[in-house]
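Subject: Structure handover

Hello,

Here is the structure for you to look over. My notes on what turned up follow below it.

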Amino acid sequence: MDSNEADATNRTAESGDSPDRDRAAVARRVERLSSHLNPPPELFIPGGLAVAPCAARAKKIEVDKDRLSAYMRGKYRDVQQGVYDYFNSRPELQTPLEISKDDHRELCMRQLMGLVREAGIRPFSYIVDEPAKYFAILEAVGGVDMSLGIKMGVQYSLWGGSVLNLGTKKHRDKYFEGIDNVEYPGCFAMTELHHGSNVQGLQTVATFDPFTDEFIIDTPNDGAIKWWIGNAAVHGKFATVFAKLVLPTHDTKGVSDMGVHAFIVPIRDMKTHNTLPGVEIHDCGHKVGLNGVDNGALKFRSVRIPRDNLLNRFGDVSRDGKYTSTLPSINKRFAATLGELVGGRVGLAYSSVGVLKISVIIAVRYSLLRHQFGPPKQPEISILDYQSQQHKLMPMLASSYAFHFATLHLVDKYSEMKKSHDEELVGDVHTLSAGLKAYVTSFTAKSLSVCREACGGHGYAAVNRFGSLRNDHDIFQTFEGDNTVLLQQVAGYLLKQYQEKFQGGTLTVTWNYLRESMNSYLSQPNPVTARWEGEDHLRDPKFQLDAFRYRTSRLLQSVAVRLRKHTKNLGSFGAWNRCLNHLLTLAESHIETVILAKFIDAVRSCPDPGSRDALKLLCDLYALDRIWNDIGTYRNVDYVAPNKAKAIHKLTELLSFQVKNVAKELVDAFDIPDYVTRAPIGMQATEEAYSHYTQFAGF
């Protein structure tokens, strides 16, 4: 046999053997995989290393909902329960599912009067002395009826808050008791038909008349009509009117514009409730939501008020018409005035979290109740067992916890600011309240639609509340500052801090991280840590917080460069507009970083081990879900390698699954009674949900 024949014979033999070799290779591979999943006993070394069980089969976290709830709700749990108990004991004050606009407005006023005069809950005194208690009451009241929460906010935060914060002792002495007991229902008349966000552009005029020692309030044109003014259409007797203060001069100009100031203007007779001369009031009509609040429009024709009705904390006018102020410019006085009104934003951020909690409670409980499909010849499974449902709801549940602790931090900072009046703290709280109000309310608005869809057809039933919650909450994104405008304020403050850093200045506490993370940004990402994909590393708070801060610092540095570049050709306004989307992303990134930092602090501070484990799980999901949602940013700069990105995605899905296993306990820990959530499909005792639902339909 020659060599060619031998080669042919060998090839024939090899081809005949190859199926056997393939089968052997497969068998070896299966055996190797089996040893990983089911290791032999000798691999377990007493006192040493052991093979960890599969994460999906890991022991379920044990959550004591009462201990977790006690940690979450803190010292104001009793006062919130007092609000719930009062309205539960007064069924005639509970808002029915179907109610007309006019009836809802009257009910809302009766609810507020009952809360204050019958239940003895007097929120106004807490605005200055104990703001955290006031906001806790506001959250509870909003849970009863969002319209009531807003009406209470208009009466105390806005009308009452303007008197306390912009006025002086003479105003507090004259108006405090009447505001507190609702004898003086009032309005906050800032927004005009043509101007909302641009407060310095308001056109209403208050001209001083030195002959009569009065201010004359005028609406110069229809664009200056005060619009969307809560309490104005039906119940208000007074209004804090924001107007340009105009003084007569003895020069060629004739008058001097001193900028926007606030004035107390009576709008209805105290006894007859008739509209006062020169005041024209109209109803803004039916709205998308919050129809228990009587929004109206105000027009003034030469309405005269005493000089003492100027809220004169930051600027005053003497009897002879001379203007005095401790602040040197219109802009300084304007900033000080608006700085005293941030309490409204704090309240909205805090209340929005309350709305998010209710919607998540309903959606999660229904998802555990509802069973659809399953493996062949086996019982149907709950829809929360589906990965798609977990993806919709579990990061949202984690976010509701994250926002809870972030807004508690905001309230603490606000309370500290009201006591200290520290200038740096005022700026910090102003920016933090703007950012959290914008971020939280936008997230809640989107989540309400997701929750409705996650509950299918039953989520569309009005009795299950998603429609009313969504409609009532929607305006949270607009009033007390449009969210897009507020985020720009955050971005502007970040850029100011960025400039301070490179000029050697000091940074306030919230912004300290910029000093270190900006330095790390200017260096290249570590190619080794960029590839680390272990679970311990990904769940390390340091990795998570570093990633968030790196992203914010990168966005800040790059937008600063872009603004400098475009300003040369477009000017500062044009450059800002060219970079606007970049600036909004920067602001959101910073707020997400603050939220994560406060969540990590809350986890560490939790005294109960079981609750701490549950909060750590939620915190990890919040962090990694946010990183995954913006994974392109991290990949573009090689902060995260492809293998690490894949590991983050897998771990996020696993954490969602693990949160699902304790989802019932986590929503129960919000400790909101069924008579407050008021949705049959969201009852705590799920076995009763369908029976209550069918009873509503008349069965």
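For helix pairs, the axes are lines fitted to C-alpha atoms over the stretch in contact, and angles run from 0 to 180 degrees between N-to-C directions. Keep in mind that this is a predicted model.

Overall picture

The protein has 24 helices and 11 strands. Of its 699 residues, 53% are buried. Take the contacts with a separation of 6 or more: 73% of them come from residues 24 or more positions apart.

A helix pair

Two packed helices are described by the angle between their axes and the distance between the axes. Helix α6 covers residues 131-144, and helix α11 covers residues 387-420. Their angle is about 140°, and their axes lie 9 Å apart. That makes α6 oblique to α11, because the roughly antiparallel class takes angles over 145 degrees. Which residues meet there? On the α6 side they are P131, A132 and F135; on the α11 side, V411, Y414 and S415. By type, the residues of this contact are five nonpolar, one polar and no charged.

Strand β2 and its partners

Strand β2 runs over residues 205-209. Four of its five residues are buried, so the strand is mostly covered, with buried meaning under 20% relative accessible area. β2 pairs with two strands that I looked at, β3 and β5.

- β3 (residues 214-218) is antiparallel to β2, with five bridges joining them. In this pairing A206 stands opposite I217.
- β2 and β3 make a hairpin with four residues between them. In the turn, D213 has a positive phi of about 60°.
- β5 (residues 238-248) runs parallel to β2, joined by three bridges. Here T207 stands opposite V246.

In a regular strand the side chains alternate between the two faces of the sheet.

A three-stranded sheet

β4, β8 and β7 form an open sheet in that order, with antiparallel pairing. Its edge strands are β4 (226-229) and β7 (279-283), each pairing on one side only. Neighbouring strands in this sheet are turned by 25° against each other on average, direction ignored. Five bridges link β7 to β8 (residues 296-300) in the antiparallel sense. H282 stands opposite A297 across that pairing.

D269 sits in the loop between β6 (255-266) and β7. Is D269 buried or partly exposed? Its relative accessible area is 27%, so D269 is partly exposed. What does D269 touch, leaving aside its neighbours within four places in sequence? The contacts are K237, N274 and L276. K237 is 32 residues from D269 in sequence, yet their C-alpha atoms are 6.9 Å apart in space.

Cysteines

A disulfide is a covalent bond between the sulfur atoms of two cysteines. How many disulfides does the model have? With a cut-off of 2.5 Å between cysteine sulfur atoms, the count is zero. C108 is buried, at a relative accessible area of 0%. C284 also counts as buried, at 17% relative accessibility, because the limit for buried is under 20%.

Good places to start viewing are the α6 and α11 contact, the β2 and β3 hairpin and the D269 loop.

Best wishes

How values were computed. Residues numbered from 1 in each chain as written. Predicted model: local features only at pLDDT ≥ 70, side-chain atom pairs only at ≥ 80, totals over all residues. Heavy atoms only, no water. Parallel < 35°, antiparallel > 145°, perpendicular 65-115°, else oblique. Contact = heavy atoms within 4.5 Å. Nonpolar A, V, L, I, M, F, W, Y, C, P; charged D, E, K, R; others polar. Buried < 20%, exposed > 50% of the residue type's maximum accessible area, 1.4 Å probe, protein only. Pairing = 2+ DSSP bridges.
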